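Please look over the sequence and the model below before reading on. The briefing that follows treats sheets, helices, single residues and charged pairs in turn.

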Amino acid sequence: MIAAYKQAVRKITFNEDYGMLTAVSSSLLEATGCEVRLGDIVEIEHALNKQKSTAEVIGLKDGKIQLIAEGRSTGLCLNSRVKPLNRASAVRVGYEMLGRVFDANARPLDELPPPSNTEFCALDNTEINPLSRTQIDSAMQTKIKAIDTLLPLGKGQKIGIFAGSGVGKTTLLNMLVSNAEADIVIVALVGERGREVVEFVDQTLHGKAQAKTIVFAATSDQPATMRKKVAITATTTAEWFSKQGKDVLLIMDSVSRFAYAQREIGVAAGEHIGARGYPASVFNELPALIERAGAFKKRGCITAIYTILVEGDDMNEPVADHMRSILDGHIVLSRELAAAGHFPSIDVLKSVSRLTTKLLDDRQVKLTQSFRKTLSVYENAKDLVEMGAYQKGNDKSIDLALQLKDEMLQFLQQNTSEKIDTQQAWSVLTNILDTAK
């Protein structure tokens, strides 16, 4: 009998640290009774059916642990057991992921077996020494005329595409994925509709682009933690490939939905809200995410393109205004141009690349300035001309703009199937302005 008791005691684990759920709502869980750190992952065992799910620690307050479930909270009840996993979020990364589609936890969405030759990477954002970065002085060809000449994109540059709904944003992203000269392309679809995910994958993952592209997706119906996490997972994956010496293009559609997800999490955690309902944590998380891209010493670069949803076409709404201040440039898509059938609908006069003078030579800079000036003159005089209030010969600059109008607008347009070499684009631009001379 004593031997049996001894055997039973040996099987008891005394170091298990369990807690219990004390509150359950649609977006926020509370627990007590276990030791965790902010950002840790815990496992929750449903009290009734013994199923297990995970949640992230988002707050520690007055002896209570605030959690957000990584899946749906349906089925959870009070006294469900909470077990700390003693780790922060991490995902598996490897070359076998290329050409495939994954969720926020890097689990396959394409019904194929999980990649085998991978390694764990923590999602924690480690601070990057600014002196470990290099200057950006090499351009990345996108084979889109308007970008390569007037809004050059450097290797390691971070740029935003600012757009409302229905102005050709997704079409432009498809062109960038297919055309851009990068070793690896990482795409994060944050809070998209399921239909849009399917369309993007079908249009993008084929041919040469598929062999170097990984897509991560978290749809709009998933919890805020997953919509936020998918952006971080994609960025972590881009960092891993960068450390392998690869030049990576990271495309995130959209960083606005990342901000919306963080707003949900912050409000659920009881943060004070500011402009348009955004808590301060949103504007702390955005630069922490964006600064993980760039050009680095002794490793490959991460060139990042983030889309920003402009609510009501208001370019000064909080997320758009904040993103302009932390990016290296912005591309504005115009609803007016899109309505006129002008694609890509880039408004070059409202767009800017802050690295233009570093990526172009003096002659090219003068050409872009001349093009912009002439286009600006036309835009300012357009209403006068359409009303018949302008007489030819009154202003030489307006006469020149009207002469070149059709060629300039044609230069800014490009079919989705076209791939224009940068040198060819510069040749066309030069010919337009030489005609004026």
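Buried is used here for residues under 20% relative accessible area, exposed for those over 50%, and partly exposed for those in between, with a 1.4 Å probe and protein chains only. This is a predicted model, in which local features need pLDDT of at least 70 and side-chain atom pairs count only at pLDDT 80 or more, whereas totals for chains, interfaces and linings use all residues. Residues are numbered from 1 along each chain as its sequence is written, and side-chain values use heavy atoms, with hydrogens and water left out. Helices (H or I, at least four residues) and strands (E, at least two) are DSSP runs numbered from the N terminus.

**The open sheet**

- Eight strands form an open sheet with mixed pairing, in the order E8-E12-E11-E13-E14-E10-E15-E16, where two strands count as paired if DSSP finds at least two bridges between them.
- Strand E8 (101–102) and E16 stand at the edges with a single partner strand each, so one side of each is left without a neighbour in the sheet.
- Strand E13 (248–253) is largely enclosed by the rest of the structure, because six of its six residues are buried.
- From E13, Val248, Leu250 and Met252 point one way, while Leu249, Ile251 and Asp253 point the other way, and all are buried.
- E13 runs parallel to E11, to which six bridges join it, and also parallel to E14, to which five bridges join it.
- Met252 takes part on both sides, as the bridge partner of Ala188 and with Tyr306 as its own bridge partner in E14.
- Strand E10 (residues 158–163) and strand E15 (residues 329–332) pair in the parallel sense over three bridges, and Phe162 has Val332 as its bridge partner in E15.

**The barrel**

- Six strands close into a barrel with antiparallel pairing, in the order E1-E2-E5-E4-E3-E6, and neighbouring strands of this sheet are turned by 45° against each other on average, direction ignored.
- Strand E1 (residues 19–24) and strand E2 (residues 29–32) pair in the antiparallel sense over four bridges, with Glu30 in E2 as the bridge partner of Ala23.

**Helices against the open sheet**

- Helix H7 (residues 255–268) has 14 residues that should span 20 Å at 1.5 Å a residue, and its end C-alpha atoms are 20 Å apart, which agrees; the expected span is 1.5 Å times one less than the number of residues.
- Since 11 of its 14 residues are buried, H7 is largely enclosed by the rest of the structure.
- The buried residues of H7 include Val255, Arg257, Phe258, Tyr260, Gln262 and Ile265, and H7 is followed by Gly270, whose phi is positive, near 90°.
- H7 lies across E11, E13 and E14, running at about 70° to E14, where axes are lines fitted to C-alpha atoms, for helices over the stretch in contact, and angles run from 0 to 180 degrees between N-to-C directions.
- Helix H6 (residues 224–243) lies across E11, E12, E13 and E14, and runs at about 175° to E11.

**Two buried polar residues**

- Ser353, in strand E16 (residues 352–353), counts as buried at 4% relative accessibility.
- The side chain of Ser353 makes a polar contact of 3.2 Å with the side chain of Gln157, a polar contact being a pair of N or O atoms within 3.5 Å; within protein, one must be able to donate a hydrogen and the other to accept it, and residues adjacent in sequence count only if both atoms are side-chain atoms.
- A polar atom of the Ser353 side chain also lies 2.7 Å from the backbone oxygen of Pro152.
- Arg324, found in helix H9 (residues 318–326), counts as buried at 17% relative accessibility, and a polar contact of 3.0 Å joins its side chain to that of Asp321.
- Leaving aside neighbours within four places in sequence, Arg324 is in contact (heavy atoms within 4.5 Å) with Phe162, Met315, Asn316, His330 and Arg354.

**Salt bridges**

- The count comes to 20 salt bridges, each defined as a side-chain nitrogen of Lys or Arg within 4 Å of a carboxyl oxygen of Asp or Glu.
- Glu336 and Lys382 meet in one of 3.8 Å, N to O; Glu336 lies in helix H10 (residues 335–339) and Lys382 in helix H12 (residues 362–387), so the pair ties together parts that are 46 residues apart in sequence.
- Glu336 counts as exposed at 58% relative accessibility, whereas Lys382 counts as buried at 18%.
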